[in-house]
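Reader: Hi! Could you walk me through this structure? I'd like to start with the strands.

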Amino acid sequence: FYLDASGCHGLISAPSDQSSGIPWYNGSYTVTNAVRDGIGAGEFNTERIIANQGPGNYAAQVCANYQGSNYGDWYLPSKHELNLMYQNIGQGNALGLGNVGGFANNYYWSSTEYGNNDAWEQNVGSGIQHGINKSLADYVRAVRAF
């Protein structure tokens, strides 16, 4: 869903959702310092979230545990990466391909933290992003760099 200027490196989305309803956090409202945005920021954020929250069943951990296509370097996308997914392979349809990612018309978590209690999510039907409580259950789609 993204290629850099060289055309040799970019980001790829998992072919399906890793969850249709999972919280961002593991039950602890803490500042994880997962505040980076942009290309590649999701990997940094995912590592910070897991280091802070520990083992469990939450958005960043589910993405990190994903082993699609025999790769183990999947992560929860940053706010910007998630928006690129919406625009290029989701309902945003900027490339004129339609929803080739098969995204639900629902909210998806990003790895970008919005504060102690909140993180950024995106409605992949409308494109709207906003901060929301980390305890809520959103969809999750893992990404990886190549």
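Author: Happy to. Two strands pair if DSSP finds at least two bridges between them, and strands (E, at least two residues) and helices (H or I, at least four) are DSSP runs, numbered from the N terminus. Here β1 and strand β2 (residues 10-13) pair in the antiparallel sense over two bridges. This is a predicted model: local features need pLDDT of at least 70, side-chain atom pairs count only at pLDDT 80 or more, and totals for chains, interfaces and linings use all residues. Residues are numbered from 1 along each chain as its sequence is written, and side-chain values use heavy atoms, with hydrogens and water left out.

Reader: Thanks! Which residue in β2 does L3 stand opposite?

Author: L3 faces G10 there.

Reader: And what is the strand order in the open sheet of three strands?

Author: The order is β1-β2-β8, with antiparallel pairing. β1 (2-3) and β8 are the edge strands, each pairing on one side only.

Reader: What comes after β8 (143-145)?

Author: F146 lies in the segment that follows β8. With a relative accessible area of 42%, F146 is partly exposed; buried means under 20%, exposed over 50%, and partly exposed in between (1.4 Å probe, protein chains only).

Reader: Which residues make the nonpolar surface patch?

Author: L3, I12 and F146 make a patch of about 280 Å². Patch members have over 30% relative accessible area and no salt bridge, with nonpolar side chains (Val, Leu, Ile, Met, Phe, Trp, Tyr) joined within 5 Å and like charges within 9 Å. A salt bridge here is a side-chain nitrogen of Lys or Arg within 4 Å of a carboxyl oxygen of Asp or Glu. Areas come from the Shrake-Rupley method with a 1.4 Å probe, and for residues only the protein chains shown count as cover.

Reader: Switching topic: is K134 buried or exposed?

Author: K134 counts as buried because its relative accessibility is 0%. It sits in the loop between β6 (129-133) and β7 (138-140). Leaving aside neighbours within four places in sequence, K134 has contacts (heavy atoms within 4.5 Å) that include W24, Y29, W109, E113 and D118.

Reader: How many residues of helix α3 are buried?

Author: Nine of the eleven residues of α3 (residues 79-89) are buried, so the helix is largely enclosed by the rest of the structure. Among them are L82, L84, M85 and I89.

Reader: Last one: how many disulfides are there?

Author: Zero, from a search of the whole structure, taking a disulfide as a pair of cysteine sulfur atoms within 2.5 Å. As for individual cysteines, C8 is exposed at 52% relative accessibility, whereas C63 is buried at 0%.
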